[in-house]
Amino acid sequence: MNRNYNTSALPTMVDRATWQAELDELRVREKAHTHEGDAIAAARRRLPMVEVDATIPLIGPDGPITLLETFEGRHQLVAYFHMWHTGQPAAAQCEGCTLFNSQVRELAYLHARDVTYATFCQGPYEKSVRYRDFMGWDVPWYSAQDSLDALRGGSSFLLVCYLRHGDRVFETYGTTGRGVEVMSPSHGLLDLTVYGRQETWEDSPIGWPKCDGYRTSEHAWRTDGRPTAQWSRLAAGRSDDLGT
C-alpha cells in the first residue's frame, strides 16, 4: 500500500545523553499540553445545554425508534453522524467516516460510565447497515436520514453528545472538523512516530515521507480507490454488495 514509501531521510544521530536531554525538554511541553487539555475538558463540562425533541424518529433494526430510545436506558449518548453517498457502491463511501468509525469498538468502558455510543447514518438504513456488516462493525446503527435537520446532523465528521433527564433530551456538546480525531487512536500513535501522519499539511523536516495529498487516492484514508480499511474485509471474503 506504500509503494513509494521513502525512508531515506533520518533524524540526526546523537549520543543517548543528548537525546535524553532533548526528550526531557519536549516532555515539559507535552505535560503542559495535557494539562491544557484537562482544563478545556473542564470548561466543556460547564457548557450550557439545549433541549432536543426526544421523539425525533430514526430507523433501527426493528424499524422506527425515537432519539430517547437510542440511549438504551443510559443517561448519556455519544452519536457519530456517518456520511452517506446515496446511490454509490461501497468503494465510493466516505473514507474519513470509515476510518474514524471503524476504530470505536469496545463499548464496555463507555457503558460503565453510563454512556451509550451509536452511529446515526445520514443514509437509508437497509443499504447503510449492509455497509456496517461488510466492515464488521457491531456498534448500534440507526438511519437519521429523515431527521438530519432536527438533529443538525447534516455536517461531515460530526460527534454529538446528549444527556437524558427523565424523558427529556439535551444536546451538551458537538465537534467540528478535526474534533472527531478523538475517535482515532491511529492518529495519536502516528503522531508519536518520527514520520508522523505523513500528510502534506504537517510541519516535518525536508525529505520526510508524505502521502500524495490530503484525502487523495493514495492517501492513508483511501488506497487504490477504496477506503483503506475495506481491503482487509475483501481479503477475508466479505461481500461489499450494498443491494440494489
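**Entry 1. Glutamate 171**

I began with glutamate 171, which touches Met49, Val50, Val52, Arg152, Val160, Cys161 and Tyr162 when residues up to four places away in sequence are not counted. The model is a predicted one. I placed glutamate 171 in strand β8, residues 168-174. Is glutamate 171 buried or exposed? I found a relative accessible area of 11% for glutamate 171, so this residue counts as buried under the 20% limit. I then looked for a polar partner of its side chain and noted arginine 152, whose side chain is joined to that of glutamate 171 by a polar contact of 2.5 Å.

**Entry 2. Overall figures**

I recorded seven helices and ten strands for the protein. The C-alpha trace spans about 65 × 45 × 30 Å along its principal axes. Of the 244 residues, 40% are buried. I also looked up the contacts with a separation of 6 or more, and 62% of them are between residues 24 or more positions apart. For the accessible surface I noted about 14,200 Å², with 54% of this area belonging to carbon and sulfur atoms.

I turned next to the nonpolar residues. In soluble globular proteins, nonpolar side chains tend to be buried together.

Leaving aside neighbours within four places in sequence, phenylalanine 120 is in contact with Leu58, Leu67, Thr70, Leu77, Ala79, Tyr80, Phe81, His82, Tyr142, Ala144 and Leu151.

**Entry 3. Aromatic pairs**

How many aromatic pairs does the structure hold? I recorded eight. One of them is formed by phenylalanine 81 and phenylalanine 120, with 5.5 Å centre to centre and 90° between the planes, an edge-to-face arrangement. Phenylalanine 81 belongs to strand β4 (residues 76-82) and phenylalanine 120 to strand β5 (residues 115-121), so this pair ties together parts that are 39 residues apart in sequence.

I next examined phenylalanine 100 and tryptophan 221. Their ring centres are 5.6 Å apart and their planes stand at 80°, so this pair is also edge-to-face, the angle being over 60 degrees. Phenylalanine 100 lies in helix α2 (residues 95-101), whereas tryptophan 221 is in the loop between α6 (185-192) and β9 (222-223); the pair therefore ties together parts that are 121 residues apart in sequence. I found both phenylalanine 100 and tryptophan 221 to be buried.

I also traced a cluster in which ring pairs link Trp84, Tyr131, Phe134, Trp137 and Trp141.

**Entry 4. Charges over rings**

The charged end of arginine 44 is over the ring of tyrosine 173, at 4.9 Å from the ring centre. For arginine 226, I noted that the charged end sits over the ring of tryptophan 231, 5.7 Å from its centre.

Note on methods. Residues are numbered from 1 along each chain as its sequence is written. This is a predicted model: local features need pLDDT of at least 70, side-chain atom pairs count only at pLDDT 80 or more; totals for chains, interfaces and linings use all residues. Side-chain values use heavy atoms; hydrogens and water are left out. Rings of Phe, Tyr and Trp (its six-membered ring) pair if their centres lie within 6.5 Å; planes under 30 degrees apart count as stacked, over 60 as edge-to-face and the rest as tilted. Helices (H or I, at least four residues) and strands (E, at least two) are DSSP runs, numbered from the N terminus. Buried means under 20% relative accessible area, exposed over 50%, partly exposed in between (1.4 Å probe, protein chains only). A charge sits over a ring if NZ of Lys or CZ of Arg is within 6 Å of the ring centre and within 35 degrees of the ring normal. A polar contact is a pair of N or O atoms within 3.5 Å; within protein, one must be able to donate a hydrogen and the other to accept it, and residues adjacent in sequence count only if both atoms are side-chain atoms. Contact means heavy atoms within 4.5 Å. Accessible areas come from the Shrake-Rupley method with a 1.4 Å probe; for residues, only the protein chains shown count as cover.
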